[in-house]
Each structure stands twice: as C-alpha cells, then as structure tokens.
Amino acid sequence: MAPESEQNAACEVAHGNVEPTVETRTLLAVFASPVSGFLLTYARDLGYRTVLFEPDPARAAEARGGGFDVVGTAPELDDSADVVVTDHHRTELGTALFAVLAHPARWIGVLGNPRHPGPHRDALAALGADRSDIDRVHRPVGLNIGSRTPPEIAIATLAGLLADRNGRPGGFDF
C-alpha cells in the first residue's frame, strides 16, 4: 500500500484540486469530420497538443477556428503522439496514413465498424507500405461502449487511448 502522503496527493489530483504532471503529448486527428472536432476539443481538455491533418484545402479552411492547429501535410510526430483517422471513406486514406507511418507515433488507429474489413490495409499495401507498418495501424479504435454519435465516439476513442497509454485494458476490469 502506498504511503499516506502519496494517497492524499492522488486524491487531490483525482478531485481536481491539483493539476497532474503529464508529459507533453500530441493527438493528431486525420481528416475533418463530425468526430474530429469533438475528439480534438476533448483531447485539448485532457492536456494534449491538438492538431488536425486535413489535406483538402477547402475542408481545412472550414475547420480553422476550432481551437486546434490545422495542417495540410503530416506534421513531425514523435513517439508520444497518438493518431486517429476519423474518416475511413476518404480517397486520401492511404496517402495520409502512409505519410503518418513515416513517423514514430506511439499509436495509430482508424475509426470504423469492426464488422467490416479496414480499407486502410489494401490502400497502404497498394502504396508499397511494409506489412510491419500496416500492422501498426489499429482498428477498431476506442472502448466498446455502444457509441453512436460523434461526441460519444470521441469519448470512447479518448478513453481507449488513455487506457492504452496507462497500460490498462479499459472497460470494467480493474
């Protein structure tokens, strides 16, 4: 059992009385979508540096002003970055993911229904991506909480990222 001083400090953080010490981390959402706005807004509240990678200039222009950076090409990412592709129907899926895979991001995932095959695998293979790089991409993304709406999907996604980052399985297994 932790000493009483450590327990008290943990309680202060848990109750919002003290800001926890968190390493700098980035959340890159790929593609402007109904989910990406909520995802980046909530991630900012969790202490992430938030960035939207939107290669379409018109969509990028519409997304500006959301409180997060908007870039047209994959930014430099280090091994603390998490990446979530928020629209698996976009024609740029393969090229956007290929660009992201050039960086040592900590975690990369693509939103989508787990009952359907992920189109990212074929798109990346067609671009010549190594199987080991293709296997870095997770699908499905987030915790299985029955999410249906963009805000719910964003919450489930962030909860899954936090569980993974903290070495936890998510769900109700403690």
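**Entry 1. Terms and source**

I count a contact when heavy atoms lie within 4.5 Å. I am working from a predicted model, in which local features need pLDDT of at least 70, side-chain atom pairs count only at pLDDT 80 or more, and totals for chains, interfaces and linings use all residues. Residues are numbered from 1 along each chain as its sequence is written, and side-chain values use heavy atoms, with hydrogens and water left out.

**Entry 2. Arginine 25**

I looked up what arginine 25 touches. Not counting residues up to four places away in sequence, arginine 25 touches Leu46, Gly47, Tyr48, Arg49, Ser80, Leu162 and Arg165. Arginine 25 sits in the loop between helix H1 (4-14) and S1. Is arginine 25 buried or exposed? Arginine 25 counts as buried because its relative accessibility is 7%. The scale here is relative accessible area: buried is under 20%, exposed is over 50%, and partly exposed is in between (1.4 Å probe, protein chains only). I also checked one C-alpha distance: arginine 25 and aspartate 82 are 57 residues apart along the chain and separated by 7.8 Å.

**Entry 3. The chain as a whole**

I noted seven helices and six strands in the chain. Along the sequence the pattern is α-β-α-β-α-β-β-α-β-α-α-β-α. The chain has 174 residues, and buried ones make up 39% of them. Among the chain's contacts with a separation of 6 or more, 63% are between residues 24 or more positions apart. The accessible surface is about 10000 Å², with 53% of it belonging to carbon and sulfur atoms. That area comes from the Shrake-Rupley method with a 1.4 Å probe; for residues, only the protein chains shown count as cover.

**Entry 4. Nonpolar cores**

I take a nonpolar core as a set of buried Ala, Val, Leu, Ile, Met, Phe, Trp, Tyr and Cys residues joined through side-chain atoms within 4.5 Å. In soluble globular proteins, nonpolar side chains tend to be buried together. The largest core has 22 residues, and Leu28, Val30, Val83, Leu97, Val100 and Ile108 have the most contacts inside it. Strands S1 (26-30), S2 (49-53), S4 (82-85) and S5 (107-110) and helix H4 (93-101) each give two or more residues to this core. Which element gives the largest share of this core? H4 does, with five residues. Apart from this core lies another, of 19 residues, including Val35, Val84, Ala154 and Leu161.

I then followed two residues. Isoleucine 108 touches Val83, Leu97, Val100, Leu101, Arg136, Val137 and His138, with residues up to four places away in sequence not counted. Leucine 101 lies in helix H4 and counts as buried because its relative accessibility is 8%. Beyond its neighbours within four places, leucine 101 contacts Ile108, Leu124, Asp133, Arg136 and Val137. Leucine 101 and alanine 129 are 28 residues apart in sequence, and their C-alpha atoms are 8.8 Å apart.

**Entry 5. Loops**

- Phenylalanine 31, in the loop between S1 and helix H2 (34-45), has a positive phi of about 85° although it is not a glycine. Phenylalanine 31 counts as buried because its relative accessibility is 0%.
- Aspartate 56 is in the loop between S2 and helix H3 (57-63). Its relative accessibility is 25%, so aspartate 56 counts as partly exposed. Leaving aside neighbours within four places, aspartate 56 contacts Arg90 and Glu92.
- Proline 75 is in the loop between strand S3 (69-71) and S4. Its relative accessibility is 18%, so proline 75 counts as buried.
- Proline 140 is in the loop between strand S6 (137-138) and helix H7 (150-165). A cis peptide bond joins arginine 139 to proline 140, with omega about 5°.

**Entry 6. Largest pocket**

I use "pocket" for an open set of points on a 1 Å grid over the protein atoms alone where a 1.4 Å probe fits, with protein on both sides within 12 Å along at least five of seven lines; lining residues have an atom within 4 Å of a point. The largest pocket has a volume of about 510 Å³. Of its 17 lining residues, Gly112, Asn113, Pro114, Val141 and Ser147 are the closest to its centre. Volume is the space filled by probe spheres set on the points, which are joined across faces, edges and corners. By class, the lining has eight nonpolar, seven polar and two charged residues. In this count Ala, Val, Leu, Ile, Met, Phe, Trp, Tyr, Cys and Pro are nonpolar, Asp, Glu, Lys and Arg are charged, and the others, Gly among them, are polar.

How values were computed. Helix = DSSP H or I, 4+ residues; strand = E, 2+ residues; numbered from the N terminus.
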